[in-house]
Every structure is written in structure tokens, then in C-alpha cells.
Amino acid sequence: YFYTGGIGGRVRKALNNYDLGKLDDYAKKMGRGIAFRRLGLLGEWLGWSPSLRRLWRKHISKGVSFLDPQGPKSGPQISRWNLRLNFNLEGFLDPSR
């Protein structure tokens, strides 16, 4: 896991102010389950709409993917999103940093 240099709080603020409908549209245009997995996990951490997260769960594919494809190949698995948490998401999104 790595330190983000304090950018996490700014990212969290930007994501909280982002149009979730646009994010949903982008994920659908990508046509890949990994986009919905990552959005779903971020949505849990950021408290986004539970109904939107339920819709995203319908789009995730089988198998486990890494949250950060270039990160370490280890970390806890978040089974409801089929993601391996190989990135310190909590530290990254901590608004106090």
C-alpha cells in the first residue's frame, strides 16, 4: 500500500460531487464488469445510492479482479464485488489527509 500525498481527500470530494448518472453511463459504455465492481466498492466507501449500487451488482462478472491492476498481487478479497483490495482505499479516501 502506498501514501497518496494527501490527494485522497480531494479525490473523495470530487467523486462525491460527480454526477452518478454519468459514471453509470460511462461504465455501461465500457461494457466491462470491472468498471461496475470498482464503482460499487467506491460507492460503498463514499455512501453513494444503495439502489444504484444494487444495479451495478447485476453487471459484475464472475472471477476476482484487482482494484488496482498495477498494484501488488495480494490483499483481502471483497467477495460481494469480486475485487481483491490491493490498494489502501481507506487511506486514499481519508479526508483528513
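A polar atom of the side chain of Asn-86 lies 2.7 Å from the backbone oxygen of Pro-72. The side chain of Asn-86 also reaches the backbone oxygen of Asp-68, at 2.8 Å. The model is predicted, and the points below set this residue in the context of the chain.

- Asn-86 is placed in the loop between β3 (83–84) and α5 (89–93).
- The relative accessibility of Asn-86 is 1%, so the residue counts as buried.

**The chain as a whole**

- The protein chain contains five helices and three strands.
- Along the sequence these elements follow the pattern α-α-α-α-β-β-β-α.
- Of the 97 residues in the protein chain, 39% are buried.
- Among contacts between residues at least 6 apart in sequence, 54% join residues at least 24 apart.

- After α2 comes Gly-31, which has a positive phi near 65°.
- The buried residues in α2 are Leu-20, Leu-23, Asp-24 and Ala-27.
- These residues cover an arc of only 100° around the axis and therefore lie on the same side of α2.
- In an α-helix there are 3.6 residues a turn, so residues three or four places apart point the same way.
- The cover over the buried residues of α2 includes α3 and α4.

**The pairing of α2 with α3**

- The axes of α2 (20–30) and α3 (33–46) come within 7 Å and cross at roughly 155°.
- An angle over 145 degrees counts as roughly antiparallel, and α2 and α3 are therefore roughly antiparallel to each other.
- On the α2 side, the residues that meet α3 are Leu-23, Asp-24, Ala-27, Lys-28 and Met-30; on the α3 side they are Ala-35, Phe-36 and Leu-39.
- By class, this contact comprises six nonpolar residues, two charged residues and no polar ones.

**Asp-24, a charged residue in α2**

- Asp-24 belongs to helix α2.
- Asp-24 has a relative accessibility of 10% and so counts as buried.
- The side chain of Asp-24 makes a polar contact of 2.9 Å with the side chain of Lys-28.
- Setting aside neighbours within four places in sequence, Asp-24 is in contact with Phe-36, Leu-52 and Trp-56.
- Asp-24 and Phe-36 are 12 residues apart along the chain, and their C-alpha atoms are separated by 8.1 Å.

**Helix α4**

- In helix α4 (residues 50–57), the buried residues are Leu-52, Arg-53 and Trp-56.
- Viewed down the axis of α4, these buried residues fall within an arc of 100°, so they line one face of the helix.
- Both α2 and α3 are among the elements that cover the buried residues of α4.
- Two of the buried residues of α4, Leu-52 and Trp-56, are also contacts of Asp-24.

- Asn-82 lies in the loop between β2 (77–78) and β3.
- Asn-82 is not a glycine, yet its phi is positive, at about 55°.
- Most residues other than glycine have a negative phi.
- The relative accessible area of Asn-82 is 18%, and Asn-82 is therefore buried.
- A polar atom of the side chain of Asn-82 lies 3.0 Å from the backbone oxygen of Ser-61.
- Not counting residues up to four places away in sequence, Asn-82 touches Arg-37, Ile-60, Ser-61, Lys-62, Gly-63, Val-64 and Ser-65.

Notes. Residues are numbered from 1 along each chain as its sequence is written. This is a predicted model: local features need pLDDT of at least 70, side-chain atom pairs count only at pLDDT 80 or more; totals for chains, interfaces and linings use all residues. Side-chain values use heavy atoms; hydrogens and water are left out. Buried means under 20% relative accessible area, exposed over 50%, partly exposed in between (1.4 Å probe, protein chains only). Helices (H or I, at least four residues) and strands (E, at least two) are DSSP runs, numbered from the N terminus. The arc is that of the directions from the helix axis to the C-beta atoms. Contact means heavy atoms within 4.5 Å. A polar contact is a pair of N or O atoms within 3.5 Å; within protein, one must be able to donate a hydrogen and the other to accept it, and residues adjacent in sequence count only if both atoms are side-chain atoms. Axes are lines fitted to C-alpha atoms, for helices over the stretch in contact, and angles run from 0 to 180 degrees between N-to-C directions. Angles under 35 degrees count as roughly parallel, over 145 as roughly antiparallel, 65 to 115 as roughly perpendicular and the rest as oblique. Ala, Val, Leu, Ile, Met, Phe, Trp, Tyr, Cys and Pro count as nonpolar, Asp, Glu, Lys and Arg as charged, and the others, Gly among them, as polar.
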